[in-house]
Structure formats: structure tokens, C-alpha cells
Amino acid sequence: MATFHIIEDEEHLRRTLKSMISIFGYQSDYFDSADAYIKHMKSTSYRAPSAILTDNMMPGTSGYELIKVVREVNPHQKIVMITGTPDRIHSSSDELCFTLKKPFRMVHFKELLTALVSCCEDGDRSKFEKQCKYGLKHCCPREEK
């Protein structure tokens, strides 16, 4: 079953995202900071998720700094930045599957999750695609065969 990891410092949004993901039939785990997630990544219970959904502006390690750590462990991990400042240009922005601007509509969130899951389950793998055939306009970090 598809699992999403949510990294968000705002408790209300964390709970809302977890609830929405559950309504759509997926599982999720959530973390209140990038630092907590990095600690979890180093644990023996860590299993890579279908995708990581992270905020950018958080106390401690930022979402973009988290991307660098994740890429060292799993270079092909799907990562979505959920942010109120998507226009901010950052050198790691090309490392993302997608940027979702806050606030967003539930229907768009569901489409995003469906596309990410479909992309994960597809057997036709290539390292990077210019446009994901599931509707996401991103460079899809998919594993090579």
C-alpha cells in the first residue's frame, strides 16, 4: 500500500494532510520537523515511502536542506514541497517532483497523490522524465531498471 511521509511543523496542517491521505485510501506517517524526520531515517524502522510531502519553512532544518539529506540516502525518492512561497527560487527546486502551493484544494491534492502512486507502481522506469505521463509537470526521479 502506498505510504506518504509528511514533514510539517504546523500541527493543524499535519493532521489535516494525514486525514486527507487516509480518506483517499493511503497510509501516512508524520513528523513535526525535518530534524525529526532525519532522525527517523537513521532508525532501523525506517522504510522509504512512496513520496515525501514536506514544508520548506520550518524551525531547524529547512525542507530544501532535508532534500539534500534524503537524496544522499535515496537519490530517486519522490519529494513534494508544500509551501506558501512557491515562487522562491532555490537551487534544490529541480530536485522536487512537484511544488504544491498553500492553500490548495482537496481535489488537487488527491490528483497529486494519485499521480505519485501511479508513477511509483508503473513498471516502465526511466531515471528522469521531462514530463510525467501521470500529469505532473516535473522531472520524475524514477529508478533505472
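**Reading rings, sheet and helices in a predicted model**

Modeller: Tyrosine 37 and tyrosine 46 are each buried. The model under discussion is a predicted one.

Colleague: Which residues do ring pairs link into a cluster?

Modeller: The cluster consists of Phe24, Phe104 and Phe109.

Colleague: In what order do the strands of the open sheet stand, and is the pairing parallel or antiparallel?

Modeller: In general, strands of a sheet pair through backbone hydrogen bonds, and the sense is either parallel or antiparallel. In this model 5 strands form an open sheet in the order S2-S1-S3-S4-S5, and the pairing is parallel. Strand S2 (27-31) and strand S5 (98-101) are at the edges; each has a single partner strand, so one side of each lacks a neighbour in the sheet. Direction ignored, neighbouring strands are turned by 20 degrees against each other on average.

Colleague: Over how many bridges do strands S1 and S3 pair?

Modeller: Strand S1 (residues 3-7) and strand S3 (residues 51-54) are joined in the parallel sense over 4 bridges. Phenylalanine 4 stands opposite alanine 51 of S3.

Colleague: Which residues of H2 are buried, and what do they pack against?

Modeller: Ala34, Tyr37, Ile38, His40 and Met41 are the buried residues of H2. Viewed down the axis of H2, these residues fall within an arc of 160 degrees, so they line one face of the helix. The buried residues of H2 pack against S1, S2, S3 and H3.

Colleague: How many residues has H1, and what span does it reach?

Modeller: Helix H1 (residues 11-23) has 13 residues and reaches 18 Å from its first C-alpha to its last, close to the 18 Å expected at 1.5 Å a residue. Leu13, Arg14, Leu17, Met20 and Ile21 are buried in H1. They fall within an arc of 135 degrees seen down the axis of H1, and therefore line one face of the helix. His12 and Ile23, on the other side of H1, are exposed. Glycine 25 follows H1, and its phi is positive, near 95 degrees.

Colleague: Where is threonine 83 placed, and is it buried or exposed?

Modeller: Threonine 83 lies in strand S4. With a relative accessible area of 4%, threonine 83 is buried. Its contacts, leaving aside neighbours within four places in sequence, are Asp55, Asn56, Thr99, Leu100, Lys101 and Lys102.

Key. Residues are numbered from 1 along each chain as its sequence is written. This is a predicted model: local features need pLDDT of at least 70, side-chain atom pairs count only at pLDDT 80 or more; totals for chains, interfaces and linings use all residues. Side-chain values use heavy atoms; hydrogens and water are left out. Helices (H or I, at least four residues) and strands (E, at least two) are DSSP runs, numbered from the N terminus. The expected span of a helix is 1.5 Å times one less than its number of residues. Buried means under 20% relative accessible area, exposed over 50%, partly exposed in between (1.4 Å probe, protein chains only). The arc is that of the directions from the helix axis to the C-beta atoms. Rings of Phe, Tyr and Trp (its six-membered ring) pair if their centres lie within 6.5 Å; planes under 30 degrees apart count as stacked, over 60 as edge-to-face and the rest as tilted. Two strands pair if DSSP finds at least two bridges between them. Axes are lines fitted to C-alpha atoms, for helices over the stretch in contact, and angles run from 0 to 180 degrees between N-to-C directions. Contact means heavy atoms within 4.5 Å.
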